[in-house]
Amino acid sequence: MRRFCRALAVVVLSLAGGAVATVHAQTPTAPPAGLSQAQYDSLVEAISESVAQKMKAGAAQPAAKPAKGAKPPSPEIVRMEPKAGPGEFAQFLHRAGTVMRTFPDLGRQFNRLLGSLEESSRSRGNLGFILLLGSVAAAAVAMEGVLRLMFRRLRTRLAAGAGPEQGVRSLVNLAGLLVLDGLGLLAVWVVCNVARVWFEGETVQDWLAEAILAGIFAWRLALLMFRFVLQPDAPSARLCAAESGSTRRMYSAVATVLLVLIVGRAVGQMLLDNGTPVEAMAAYQVGTMAIAVVVFLWLAVRARDAARQWLAGLGTTTPLAGFIGRHWTGLACTFFVMLALTQAYSAISGRIQVGGAMLLTLGLVVGLLFFETLMQAFVRRLDVQLPERSAGGAAPKLPDVVARCVRVAVLIGVLVAIAERWIVEVLALASPDQWDRITQSSRTAAVSLFVAYVLWELFTYVTAPYMARPARGVPGGPDDGDSQAATASRLGTMMPLLRTAAAILIVFTAVVIALEDFGINVMPLIAGASIFGIAISFGSQTLVRDIVSGIFYLTDDAFRVGEYIDCGRAKGTVEGFTLRSIKLRHQNGQVHTIPFGQLGQITNFSRDWLTVKFNLRFALDTDIEKLRKAAKKIGQEMLEVPTIKSEVLMPFKMQGVVDIVENALLVRFKFTTRPGNPAMIQREAVKRMFNTFPGLGIAFAKEGATVVVQSSAAPAGQVLAGAAA
């Protein structure tokens, strides 16, 4: 009600003021006596200005505070209408329609460009200009070919010595081949720069000639790296794993695609220099992208064999490259289509950063491919220089370890560059300042994790020779005499535990440093881990006893992987162990898992040397001296066998008569051998005795047509059945 009265008063006063003004305008007021009309008007003006200033001052004064306890007036809500206008997608569609309608204008721009060429050809002529420019281009490319023919013999000699088996010397030969290719490129550059003297004017012809000459040099420069890696005419110097026919097809296809792209870029630059409108240039870019996608798809299909072979060769060190090689056609076609679509979107929408990001991604991917190829070729040649290494060997090598670390560093750099371009410039998920703050906080963490990775790779390389498990033969042991696994060294036995401890230490330290770099307080984490460890140690005394017992067993070198032991509870070959238990493989195939705390006394049958003693029964009338000489001769003949000579420490011989039982002489034989497979030597000795003794008149005791052999070197209960006498 109060607002309504106030508004009514304002309206009334306004009407009254308007009426007064009207009356005053209709009836002129006479000036007072003694004042002229001009003096009177100036006085009225001064009074009006004074009143206006006072009214303004009164309006500027703050409103009076409401009385104590009075309710303040509620704020007024101002409703704003939503911003009108089409959305981003609608704008893109509108601009796409505009670009499509600009294609006729693009044709007129081409006609205008041709007209400009005709106007500038009055002094030289179109035909003369084309012949001159074509002659220069042909001379530049021909000069490169002439130099290649001149150095053909030298190239052949360098290529013959550039194989991986030549070692570091092959790197010198590869550098020589690159220098020869660089000389051809230098010849192209010289011809193009000398020819620019004829095109130094400011006409359209001169601009076109300048663009074409620059494009020719750029074309040959881009092909230089492809030629160096593919070496289509020198298979021995080829750096990628591909056949000659497929590399030639790939090289010719790449040359064609690069030529088409460079010509399209040169024509676009000419249109831009000729003052072509933005919409017409966008239409030109869309049209060239349609042609480019066809050319790229043709390249993906044409070079598929060489690409698969190339990437399959890189897959030995980079599994991702092998995956791309196996699915090359589908992945390459998808990538090239996305490249064309992003370039078209960039041209239509005017967001050039989208196309630039995709081109950067393509360039970095191709650069990463060349880097991986050169790195692999370099490492293979360094591996040959190491003792007992070959270019294709699978044994761990130090250059491989260093190359893996360098690959990881380069890959991180490439991924960061691609992510920065897409996140900051294309998707606008973060500003440049925000990206700097994010990367600054994670830079130290990334370096810490990378250093941890390098340390682990070096530690793995140093310990790899000791981690090789001994080759397991036919299951067996001293009880049955079958072949056993080779025995590991003491360090090889302890290395799995050392590796586990080193991995835990490196990972924990790296993670703690990384979390601290991100601003996370790691003290509660460390305190919690300490309390958890104390709780485990108090609550699991048996576990602690097993772990401590295992440490002391390993410290005492009581057993090693591949050795045959008897711990009372079980016996078998040591296959491996964990932090708290050991695994024994019995000769019959069973696997026993025994905690270290329950092992007790250990008898090791595979340590240092082993003396095998066994008894045979002979007739009572046997000539003992003749038997001794015959056994000694058999022992000497057995030493002529290489596999037996390397194992025997003391040859086979007769020790003497042990007893006379049941009308027979019990004679003992013995030999000393390395632990591992003594039963094989025993079987060979028994076989030779059965084949030799009957011809010498030495007869075995006849008791049920069997001969019982007892061995004193094997555990109790070992009985080997021999052949019939």
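Predicted model: local features only at pLDDT ≥ 70, side-chain atom pairs only at ≥ 80, totals over all residues.
**View 1. Five strands make up an open sheet in the order β4-β3-β2-β1-β5, with antiparallel pairing.** Here strands are DSSP runs of E with at least two residues, helices are runs of H or I with at least four residues, and both are numbered from the N terminus. Two strands are said to pair if DSSP finds at least two bridges between them. At the edges of this sheet sit β4 and β5 (603-604), each of which pairs on one side only. Strands of a sheet pair through backbone hydrogen bonds, either parallel or antiparallel. Residues are numbered from 1 along each chain as its sequence is written, and side-chain values use heavy atoms, with hydrogens and water left out.

**View 2. Strands β3 and β4 form a hairpin with five residues between them.** Strand β3 covers residues 581-585 and strand β4 covers residues 591-595; the two run antiparallel and are joined by five bridges. To find your place along the pair, look for Ile582, which stands opposite Ile594 in β4. In the turn, Gly589 has a positive phi of about 110 degrees.

**View 3. Strands β1 and β2 pair in the antiparallel sense over three bridges.** Strand β1 spans residues 564-566, and strand β2 spans residues 571-577. A handy landmark is Ile565, whose bridge partner in β2 is Gly572.

**View 4. Glu372 and Arg407 meet through their side chains in a salt bridge of 2.6 Å, N to O.** A salt bridge here is a side-chain nitrogen of Lys or Arg within 4 Å of a carboxyl oxygen of Asp or Glu. By this rule the count comes to 14 salt bridges.

**View 5. Glu457 forms a salt bridge with Arg404, with the closest N and O atoms 2.9 Å apart.** This pair also links distant parts of the chain, with Glu457 in helix α16 and Arg404 in helix α15, 53 residues apart. Helix α16 runs over residues 432-467. Glu457 is buried, at a relative accessible area of 12%, whereas Arg404 is partly exposed, at 33%. The two side chains also make a polar contact (2.9 Å), that is, a pair of N or O atoms within 3.5 Å; within protein, one must be able to donate a hydrogen and the other to accept it, and residues adjacent in sequence count only if both atoms are side-chain atoms. Leaving aside neighbours within four places in sequence, Glu457 is in contact (heavy atoms within 4.5 Å) with Val401, Arg404 and Cys405.

**View 6. Arg688 and Glu637 form a salt bridge, their closest N and O atoms being 3.7 Å apart.** Arg688 lies in helix α22 (residues 678-696) and Glu637 in helix α20 (residues 624-638), so the pair ties together parts that are 51 residues apart in sequence. Glu637 is partly exposed, with a relative accessible area of 32%. Salt bridges that share partners join Glu637, Glu684, Lys687 and Arg688 into one network.

**View 7. A nonpolar patch on the surface is formed by Val179, Leu183, Leu186, Trp189, Val190 and Val194.** Patches are made of residues with over 30% relative accessible area and no salt bridge: like charges are joined within 9 Å, and nonpolar side chains (Val, Leu, Ile, Met, Phe, Trp, Tyr) within 5 Å. Together the members of this patch have about 520 Å² of accessible area, computed by the Shrake-Rupley method with a 1.4 Å probe; for residues, only the protein chains shown count as cover. Val179 lies in helix α7 (residues 168-195) and is exposed, with a relative accessible area of 51%.

**View 8. Gln231 has a positive phi of about 45 degrees although it is not a glycine.** You will find Gln231 in the loop between α8 (204-230) and α9 (244-273). Gln231 is buried, with a relative accessible area of 1%.

Notes. Buried < 20%, exposed > 50% of the residue type's maximum accessible area, 1.4 Å probe, protein only.
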